[in-house]
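Subject: Handing over the structure

Hello,

I am passing this structure on to you, together with some notes on what turned up in it. Please have a look at it before reading further.

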Amino acid sequence: MDPLLVKADVVKHTSLPKSLRPTSPPPENVPKHKHIKDLKLRTKLNRQAIHAARSKALVEDADLLLTGDAGKMQVENEMERTWRIGQDEIVQGAGQEATKGRRELKLDGGPYRSIYSRNGRHLAIVGTMGHVATFDWQTGTMHAELQLQETCRDITFLQDQSFFAVAQKKYVFIYDRDGVELHRLKSHIEPTRLEFLPYHWLLASVGNTGFLKYQDTSTGNIVAEHRTKLGACHTLAQNKHNAVLHLGHSNGVVTLWTPNLPHPAVQLLAHLGPVVGMSVDPSSGGRYMATSGQDGVVKVWDCRNWKGAVREWTTRGGGAELEWSAKGALSVAVGGSVNVYTKPSIQTPHPAKAPPPLYLTHPIPHRPLTSVRFCPFQDILTIGHNAGLSSILVPGVGEPNFDSTEADPFENKKARREREVKGLLDKIQPDMITLNPDFIGSLAPQTKLTTAVNDTHDIPFARLPRLERLRVQGKADDTEAVDDDDDGGEGDGDKSGKTQSRAEKEKRKMRGKGKSVKRYLRKQRKNVIDPTAVAIRAKLEKHREEKRVARAVEKGQMEPHKPSALDRFRRP
């Protein structure tokens, strides 16, 4: 057989692995970093530029293809209001698949809190009395159900639905999908709220002790432990854009924390009473944050500018539970009802303390309302209360288009394993969590604090010796001990005018080093300004100046100073 035909047949039925295939052809007009001499750095920057240009082109293509917006409720005339429409009418107008989200779970052991997995397929619930359950809410498949017989305050999934953590009475416990206890985290004492950072594989907890702790679930090590110094904390939210944690305290203060800072990155007095609810808008890249206090006020803040609240209004019934949806809708559960507000009204500055236009409301008679959660990629809002959980339909609040590489609602076991391995390989270090994550991958700006050593060339400030750095900052003590008083300042020549040899210069330079004052000054010669040493050096300088003037008068180079009656007023 012809080898060319064999080769053509093999190429026809084989292909590169998916990890080696280019996602799209390289874009045109990509800037080349030809001015960089380092070949390795230039190649890396070119690769990053091509990747950024390709991503931008793909985003533009997605905007062109995904032209349809999420369907919201619309009114026919100005006299109608969307909040007058009840759940029965919404269920009748929605499709058969969408109506599965409308359900009522009546459970004992409340009040309950809930959490959805990242793909929105699985739901975990926990009751204060110790009832814990995880299940696939679309198919009704129960994964695990536990009766822990102790106080449980919060629950969260880890990297996927295979593991979940429960904040119990004394410690944090980790269970697998079947409900088998895997770990008991004794370092997390009396936890009240839990959050998981999926891209960093960090489990964060805050409790009655007032400590915020980060634990790496891939290695099991405590990454950071911060003492908030603000007492017990019962409010914790995560900014999904930059992985910064927002804490609400009992004195009305809101603090923002990162693992690499021992103090809050931002500290804000938000309310006059305890902060009971908090959430960050994921649709705007984490720009807006909503808080609610025990004083009955809901405030929307701009995280780029903390000068004041963008909008605030008063609610009935005290503190409210808050949650933002993927499309920027804000749900407020307070009193005996749940209210949903949509943008841009809640993000538009308004001088009066009037509530924004209401989009949807739903009454719930079971008090207290302890949690509100939007289901990812669905128009479903789950409310946790004293009698169980209630799920209502809120049209237009869910993101209809999902990225299967991030969170796939239809993934199988093989895809889940591959995604878990890829997540471990792409895990981001905790040191990279900052308020501004855009600095990652950018070139460091040239330092402005440079100096010339010996007037020859510029050296970066960080590489200077310590004495040079102190001189640049103006903190160095440049007053040095003077030489022997008998040198007369004649330079390199002696009194006879003859040029001295090198040995004679060194010998003359060392004269007077054994004097007690010189020894004292050498001991006091530090890189800090000592007032005592400065006074002694000033006294020696004055004495040397008097001797120099006396010698000049003797040689006839200077006229002697005649005393005057005004000398008594001269400053020393």
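Below is a short tour of the places I would show you. Please keep in mind that this is a predicted model.

**A four-stranded sheet**

Let me begin with strands S6, S7, S8 and S9, which form an open sheet in that order, with antiparallel pairing. Which strands stand at the edges? They are S6 and strand S9 (181-185), and each has a single partner strand, so one side of each is left without a neighbour in the sheet. From one strand to the next, the twist averages 20°. In general, strands of a sheet pair through backbone hydrogen bonds, either parallel or antiparallel. Here, S6 and strand S7 (residues 163-168) pair in the antiparallel sense over five bridges.

**Two cis peptide bonds**

Next come two peptide bonds to look up. One joins Gly-110 and Pro-111; this bond is cis, with omega at about 0°. You will find Pro-111 in the loop between strand S1 (103-106) and strand S2 (112-116). Another cis bond runs from Lys-343 to Pro-344, with omega near 15°. Pro-344 is also a loop residue, sitting between strand S24 (337-341) and strand S25 (360-363).

**Two residues with positive phi**

Gln-149 is not a glycine, yet its phi is positive, at about 60°. Its place is the loop between strand S5 (141-147) and strand S6 (152-157). Ala-243, which is not a glycine either, has a positive phi of about 65°. That residue belongs to the loop between strand S14 (233-239) and strand S15 (244-249).

Is Gln-149 buried or exposed? Its relative accessibility is 65%, so it counts as exposed, the cut-off being over 50%. Ala-243 has a relative accessible area of 7%, and because buried means under 20%, Ala-243 is buried.

Glu-195 is part of strand S10 (residues 191-197). With a relative accessibility of 14%, Glu-195 counts as buried. What does its side chain make a polar contact with? The partner is the side chain of Gln-238, at 3.0 Å. Leaving aside neighbours within four places in sequence, Glu-195 is in contact with several residues, among them Leu-202, Leu-203, Leu-236 and Leu-245. Leu-158 lies 37 residues away from Glu-195 along the chain, and the C-alpha atoms of the two are separated by 8.8 Å.

Asn-239 lies in strand S14, and at 4% relative accessibility it counts as buried. Its side chain makes a polar contact with the side chain of Asn-242 at 3.2 Å. The side chain of Asn-239 also reaches the backbone oxygen of Gly-286, at 3.4 Å. Apart from neighbours within four places in sequence, the residues in contact with Asn-239 are Val-244, His-246, Val-280 and Gly-286. Between the C-alpha atoms of Asn-239 and Pro-282 there are 7.4 Å, although the two are 43 residues apart along the chain.

**Aromatic pairs**

How many aromatic pairs are there? The count comes to five. One of them is formed by Phe-377 and Phe-402: it is edge-to-face, with 5.8 Å centre to centre and 65° between the planes. This pair links distant parts of the chain, 25 residues apart. Phe-377 is in the loop between strand S26 (371-374) and strand S27 (380-385), while Phe-402 is in the loop between strand S28 (388-393) and helix H4 (413-425). Both count as partly exposed, Phe-377 at 23% relative accessibility and Phe-402 at 34%.

Phe-402 also pairs with Phe-410; that pair is tilted, at 5.9 Å centre to centre and 55° between the planes. Phe-410 is exposed, with a relative accessible area of 62%. Elsewhere, ring pairs link Phe-164, Phe-173 and Tyr-175 into a cluster.

**A note from the record**

Conventions:
Residues are numbered from 1 along each chain as its sequence is written. This is a predicted model: local features need pLDDT of at least 70, side-chain atom pairs count only at pLDDT 80 or more; totals for chains, interfaces and linings use all residues. Side-chain values use heavy atoms; hydrogens and water are left out. Buried means under 20% relative accessible area, exposed over 50%, partly exposed in between (1.4 Å probe, protein chains only). Two strands pair if DSSP finds at least two bridges between them. Axes are lines fitted to C-alpha atoms, for helices over the stretch in contact, and angles run from 0 to 180 degrees between N-to-C directions. Contact means heavy atoms within 4.5 Å. A polar contact is a pair of N or O atoms within 3.5 Å; within protein, one must be able to donate a hydrogen and the other to accept it, and residues adjacent in sequence count only if both atoms are side-chain atoms. Rings of Phe, Tyr and Trp (its six-membered ring) pair if their centres lie within 6.5 Å; planes under 30 degrees apart count as stacked, over 60 as edge-to-face and the rest as tilted.
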